[in-house]
Amino acid sequence: MAKVWFVGAGPGDPELITVKGRNLIEKADAILFAGSLVSEAAMGWAKPGCRVMDSKGMDLEQIVSWLIEQAQGDAVVVRLQTGDPGLYGALIEMVQPLDEQSIEVGVVPGVSSAMASAAAGVESLTLPEVTQTVILTRVEGRTPMPAGESLPELAQHHCTLCLFLSITLLKKVQADLLAAGWSDQAPVLVVHKASWPGEERIIRGTLADIRDKCRAEKINSQAMIIVSPTLGSRDWPEIKKSKLYDKNFSHRFRKAANKS
Ligand code: SAH
């Protein structure tokens, strides 16, 4: 049975693709990729004779017909997606037409750029008694935001916000967060090309100055914006420790020290 696999390529560094994703690339008879570092590496992993196509310049219909065409017989087809396929990846738009053709589909998750950006800055997106919640979202652009999901509404939670697809809209990010009661001194982390060897850039600032800093660095694409009350906690003199490694707290695999 043919199978089309949507494989998360990860954020950029070819070492951040999953073992399963790489194994599928090695097995694939056809690969459709969106130009990136992982794609270049993938070409080296692909078996000789594998049909390879860049989706740059293809519209949805062309992508879907290419995938269907390649999925004939018992071919293994891989559609490489940046980060995780389930985040801003048009996954369902591609899966539905395959379902209509009764072509079996599989998804391999990937390391999202949100996680890679936090890692780049040695930041934790959650911290005990600071925030235990992460919102992955974007600022409204051409895609309208559903009711209740505007940034001023989401920002009212004062939890961690990872903003995709929004680096050209920093002015709006600033205004919306201030409107939601954030301080203009709230820390902001912007990571451009997170995990790309030699190309990653990390910009730290505040709501007040992050836009100017990004402008000065000419960062206007491929960037993640993280706004969070946890940012910079590596340098805090005191943090609340999590229960996970607390010696007075037992869980399935470890008995608390003070228990008889
Ligand atoms: N599925 C992807 C997101 C695709 S939407 C994922 O899980 O990461 C494209 C947006 O993702 C970009 O506008 C940018 O905000 C972010 N992005 C993708 N790769 C990135 C990287 N290496 N570094 C920082 N941001 C990145």
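The domain bounds I use here come from an automatic or database domain assignment. The model is a predicted one, and I kept that in mind throughout.

**Entry: domains.** I started with how the chain is divided, and got domain 1 (3-108) and domain 2 (113-235). The contact between them takes 8 residues from domain 1 and 11 residues from domain 2. I also looked up their C-alpha centres, which lie 29 Å apart.

**Entry: where the ligand is.** Next I asked which domains give residues to the shell around the ligand. Both domain 1 and domain 2 do, so the ligand lies between them.

**Entry: the shell.** I counted 17 residues surrounding the ligand, with P11, L87, S113, A194 and A223 as the closest. Sorted by class, the shell comes out as 10 nonpolar, 5 polar and 2 charged residues.

Entry: I went through some N and O atoms of the ligand. A nitrogen atom of the ligand has a backbone N or O atom of T82 at 2.9 Å. For S113, I found an N or O atom of the side chain 2.7 Å from a ligand oxygen atom. How much of the ligand's accessible area does the protein cover? I noted 89% of the 540 Å² that the ligand has on its own.

Notes:
Residues are numbered from 1 along each chain as its sequence is written. This is a predicted model: local features need pLDDT of at least 70, side-chain atom pairs count only at pLDDT 80 or more; totals for chains, interfaces and linings use all residues. Side-chain values use heavy atoms; hydrogens and water are left out. A residue is near a molecule or strand if one of its heavy atoms lies within 4 Å of it. A polar contact is a pair of N or O atoms within 3.5 Å; within protein, one must be able to donate a hydrogen and the other to accept it, and residues adjacent in sequence count only if both atoms are side-chain atoms. Accessible areas come from the Shrake-Rupley method with a 1.4 Å probe; for residues, only the protein chains shown count as cover. Ala, Val, Leu, Ile, Met, Phe, Trp, Tyr, Cys and Pro count as nonpolar, Asp, Glu, Lys and Arg as charged, and the others, Gly among them, as polar. Contact means heavy atoms within 4.5 Å.
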